[in-house]
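Please look at the structure below and follow the report alongside it.

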Amino acid sequence: MTYEERLTEIAERNADVVVMTAENRAAIRNLPGRLGSRFIDVGIAEQTLVGAAAGMALRGRVPVAHALATFLTMRAFEFIRTDVGVARLPVKFVGALAGFLSEANGPTHQALEDLSLMRGIPGMNVCCPADEDEMNEALASVVDDDAPWYVRYNARQAAFRHRIAFVPGIAEVVTEGNDVALLTYGCLTRECYDAARRLADIGIAARLVNMRTLKPVDEAAILRAARDTSVVVTVEDHFAIGGLATIVAEVAAANDVAVRLHPIALPGRWFTPAPLADVLECEGFSGEQLARRVAAAFRARNESRGHVHV
Amino acid sequence: MTSDVRATLCSRAVRVRERIIRMAAGGGCFIGASLSCADLIVFLYASVLNVAPGTKTSKDRDYLFLSKGHDVPALYGTLAEFGFVEEKRLDHHLAPHDSIYWHPNRAVPGVEFHSGSLGHLPAVALGVALDIQMSGGSNRVFVIIGDGELNEGSVWEAALVAAARRLDNLVFIVDRNGFQANVRTEDLVPLEPIDAKFAAFGWATARIDGHDFVAMERSFAGLPIERGKPSVVVADTVRGKGLPSIEHRADRWFVALTSDEVTALIDELHGGAETVLASHARMVR
C-alpha cells in the first residue's frame, strides 16, 4: 500500500480530515480526484498553508498539511510555532525530502535541522518512520491523536518486517545485542539494518533500535541501551545539534545515567548533493561504512577500558 | 441610521474608549492603535457580527479576528460592553492571574484566536472561511489588519489565495491610521494606494471614514461588495482618536499612565482640556 492509498483510507473513514499542500503533490497526486473539496492546494505559500490549516483546525477539521520539509519547518516555522503550537491545534505536518532524501537538490532543500526545530515547540510531536510500511501504520495514530505532529515523510521500501505495532514513544528493537547500541530513525534505518548484520558477521552484537518517534521519545529504550552496551551510536541524517544524539544526552543526563555516546550525524555543513546511493557513500552512511564506523567506535571504547573483545 | 441608533453607538464607543484609557494605567497598553479601531469594533459587534455571548462557540457565528493584536484593549472594552466578559475583569489587565495582557488570548470569552505576531491571522481566517465555504455555511469572517501590518508578505500571500478560492465570506478591514509602531507608514514603506493594491489581487474594495458610523453601515450592509470575491474595507482612522493629546503623535503609540493621567484623559475624552502627559512613551518595538 502507498502513503497516498493509506491517507485516502483514513480520509474516507474520517470526514473531518482535509489534505492540504503548498503545491507539493508528489506523494498525493491522485487525492484531488478522491477527496474533492477536502483536497486543498494553496499554491507555493507555506505560511498560508500553515495558517489556513490552523484555521481549519479551529473549525474542527484535522488537516494533514504537506510541503517540502525545509520550506514547511523553516520558512513557515513561526506560523507552526505560533498558530498551531501555541494553540496546540491537531494539525499534522508532513515534510517531504527531509535529510538525505533531498538527494541532489542542494543545500536549499536539505532539511537537517527540521527535527530540532519541531521538537523544540511545546506540544509538538515528531514521528520519523523507518520506511513506507511504518509511515502508513503510524499515519492512523498520528491523525487520530489530538495533538499537532510533524512527520518526516519517508517512503523507502522496508528492509525488514516490523514486529511490534506502532505506538508513539515506543521504540522498536530490531536486532538484539549488548556490545553496541545503534539508535536511529527514518530513512537510515535501512542502512543501519545492513550495518548490524555486517557487525554480527565480525562478532559484534549490535542492538539496533528504531526510535520511530523522537517526541515523545522512548526514554526507557535509551537508558537500557546506555546501561546494557559499551557504546551508544546514534545514526541520523540531521545536524549533530538538536537531533537524536542531543536527545540521548538529554535523557541520560536527566536520569543521571552515564552514556558513552558516539554520534554519527552531519557535522555543521551541507552534504554533497547527489542521488541517494551516492550521498550515502560520499557521507559515509552506506551499510558497509556504518559498520566500519561503529566497529571502530566499539574497539576504541574497549581499548580505552583496557580490555579488547574483538 | 436613526439618530437614536447613532447616539447609542457613540455612547458605547465613549465607554469603550474610557476602558482603553483605564487599561493604559500602570503597565500601559498600545493606546493609539486601540483608539483608532474602537469605533469599528463597536460597530461590528453592535450591527454586523452575528455573535453574542450565548452563541460565541456556535459553528454558525460570524468570526472577528484581530490580526493587529496590540489593539486588543479596544476588543476587551467592546466585549465588556456587549456582555462577553464582565466589566470588572478588565481591572485584571496585566494581572498575572488572568489572561488579559498586551495581546489577545482566547482564554478570554469572545476572543477567537491569539495574535501579536503580525501577518498571521489573514491566513488563519482564510482557513476558517474556507471551511465555512466547504461546509456550505453562510457565516462570515472579519479580520482587522493594521496598515503597518501590510508590510508583512504573508498578508499578500493569503490575499492571493483568498481571491483564488473566491472567498466572498471573508472581509479584511484595514485600520488605516497612518502609523506603524514609531513612524508614519508613508515615510517608511509607502502603502498607498491600498485599495488599488487589493483590487489588483482580485479583491472587491471599499474605502470609508473609520469613525463614521453612517459610512460603516452603508459599507457593511452591502457585503460581500462583489459576489465571488473577498472584500476589503480600508477604513481611514486617526491613531489615538478621541484624545487630542494622543492623536497623530508617533511617540504616543504605547503609553503607561498614572492614575491622575487616567482621570485627566477621561476628562479630555469628554471635551475637557488637553492633558499634559508626564509619562513618557515607551519604545517597545
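Strand β4 of chain A, residues 92–96, pairs with β6(A) in the parallel sense, over four bridges. This is a predicted model. In this pairing, F93(A) stands opposite Y150(A) of β6(A).

β6(A) has another partner. Strand β5 of chain A, residues 125–127, pairs with β6(A) in the parallel sense over three bridges. Here N125(A) stands opposite W149(A). How does the chain get from β5(A) to β6(A)? It passes through helix α7 of chain A, residues 132–144. This β-α-β crossover is right-handed.

The table lists the two pairings.

| Strand of chain A | Residues | Pairs with | Sense | Bridges |
|---|---|---|---|---|
| β4 | 92–96 | β6(A) | parallel | four |
| β5 | 125–127 | β6(A) | parallel | three |

Are the faces of β6(A), residues 149–152, covered or open? Both are covered. W149(A) and V151(A) are buried on one side. Y150(A) and R152(A) are buried on the other.

Now step back to the domains. Chain A is assigned domain 1 (3–152) and domain 2 (172–304). Their C-alpha centres lie 27 Å apart. The contact between them takes 24 residues from domain 1 and 27 residues from domain 2. On the domain 1 side, α6 (114–119) and β5 of chain A each supply at least two residues. That side divides into twelve nonpolar, six polar and six charged residues.

Chain A also touches chain B. This contact takes 22 residues from chain A and 17 residues from chain B. On the chain B side, α4 (121–135) and α5 (153–164) each supply at least two residues. α4(B) gives the most, with nine residues. By class, the chain B side has ten nonpolar, five polar and two charged residues.

The largest nonpolar core has 192 residues. Those with the most contacts inside it include L49(A), L182(A), A125(B) and L126(B). Helix α2 of chain B, residues 31–48, gives the most to this core, with twelve residues. Why does the core lie between domain 1 and domain 2 of chain A? It does so because both domains give residues to it.

Leaving aside neighbours within four places in sequence, L126(B) is in contact with T48(A), G51(A), A52(A) and G55(A), among others. Its contacts in chain B include A158(B), V161(B) and L170(B).

Methods
Residues numbered from 1 in each chain as written. Chains lettered and ligands numbered in written order. Predicted model: local features only at pLDDT ≥ 70, side-chain atom pairs only at ≥ 80, totals over all residues. Buried ≥ 20, exposed ≤ 12 C-beta atoms within 10 Å, placed from the backbone. Pairing = 2+ DSSP bridges. Right-handed = clockwise from strand over helix to strand, strands pointing away. Contact = placed C-beta atoms within 7 Å. Nonpolar A, V, L, I, M, F, W, Y, C, P; charged D, E, K, R; others polar. Core = buried A, V, L, I, M, F, W, Y, C linked by C-beta atoms within 7 Å. Domains from an automatic or database assignment.
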